[in-house]
Each structure stands twice: as C-alpha cells, then as structure tokens.
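Student: Could you take me through this structure feature by feature, giving the general idea before each case?

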Amino acid sequence: SGNDKRRKPKIPKGTRDFTPCQMVVREKAFKIITDVFKRHGAVTIDTPIFELKETLTGKYGEDSKLIYDLADQGGELLSLRYDLTVPFARYMAMHKELGNLKR
C-alpha cells in the first residue's frame with residue numbers, strides 16, 4: 001500500500017525535457033545561428049546561472065517575481081538569473097578591458 005502514495009515524477013511549470021531526436025535538431029539550429037554570429041565577429045562568453053541577489057534586485061526590484069532565491073551560500077544571498085541582461089552588464093562592468101563586445 002506504500003507504493004500507492006508514491007509521487008509521480010513531473011517537471012516545473014514552464015520547463016520541458018528534450019528527447020535525443022529533438023536535441024539533434026536543436027543543436028543543429030544553435031550551431032547554424034552561432035556560426036552566422038561568429039562569421040560577423042561575435043564572440044561567446046558564459047556567466048553563472050546565479051548572481052548575487054543585490055545585483056539582480058538593482059534591475060528588477062526587491063519584490064519581483066522574476067527572481068528565484070537560493071539558500072544562503074556561505075554568507076552570500078544568491079538568486080537564479082532570469083535572463084542574460086544583468087549578468088552581461090555585470091560581466092562587462094567587471095571586464096572593462098574588453099571594450100565593445102559583439103554578442
């Protein structure tokens with residue numbers, strides 16, 4: 001009877017899994033897009049999937065539903081990034097030696 005109460009696996013709202021066949025198509029599309037951008041001088045960067053909460057709240061405001069807080073990580077309040085706007089601005093502010101960067 002204990003098995004009757006098992007939770008069915010599900011994923012969070014607004015997310016999805018991609019099958020291997022879907023990933024083939026997805027990766028091909030991203031490669032085409034990336035190749036076009038690189039042909040025109042764009043470069044790639046990567047930023048963490050989370051930021052300091054104070055960095056994100058400066059953009060979205062304290063009560064924003066766009067910010068998902070994480071548990072305290074060694075004294076730092078962290079939140080998941082909503083999009084790449086704030087992380088990109090933070091990255092450029094920290095790496096001024098790059099000047100203008102095509103993205």
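Student: What pattern does the protein follow, read along the sequence?

Tutor: Helices (H or I, at least four residues) and strands (E, at least two) are taken as DSSP runs, numbered from the N terminus. Read in that way, the protein follows the pattern α-β-α-β-β-α, with three helices and three strands. This is a predicted model, in which local features need pLDDT of at least 70 and side-chain atom pairs count only at pLDDT 80 or more, whereas totals for chains, interfaces and linings use all residues. Residues are numbered from 1 along each chain as its sequence is written, and side-chain values use heavy atoms, with hydrogens and water left out.

Student: How many residues has H1, and what span does it reach?

Tutor: The expected span of a helix is 1.5 Å times one less than its number of residues. H1 has 20 residues and reaches 28 Å from its first C-alpha to its last, close to the 28 Å expected. Just after H1, glycine 41 takes a positive phi of about 95°.

Student: How many salt bridges does the structure hold?

Tutor: Side chains of opposite charge can pair when their charged atoms come close. A salt bridge is counted where a side-chain nitrogen of Lys or Arg is within 4 Å of a carboxyl oxygen of Asp or Glu, and the structure holds three of them. In one, lysine 31 pairs with aspartate 35, their closest N and O atoms being 2.8 Å apart; both residues lie in helix H1 (residues 20-39), four residues apart, about one turn of the helix.

Student: Where do lysine 53 and aspartate 69 lie?

Tutor: Their side chains, those of lysine 53 and aspartate 69, meet in a salt bridge at 3.1 Å, N to O. Lysine 53 lies in helix H2 (residues 53-60) and aspartate 69 in strand S2 (residues 68-69), so the pair ties together parts that are 16 residues apart in sequence. Lysine 53 is buried at 18% relative accessible area, whereas aspartate 69, at 48%, is partly exposed.

Notes. Buried means under 20% relative accessible area, exposed over 50%, partly exposed in between (1.4 Å probe, protein chains only).
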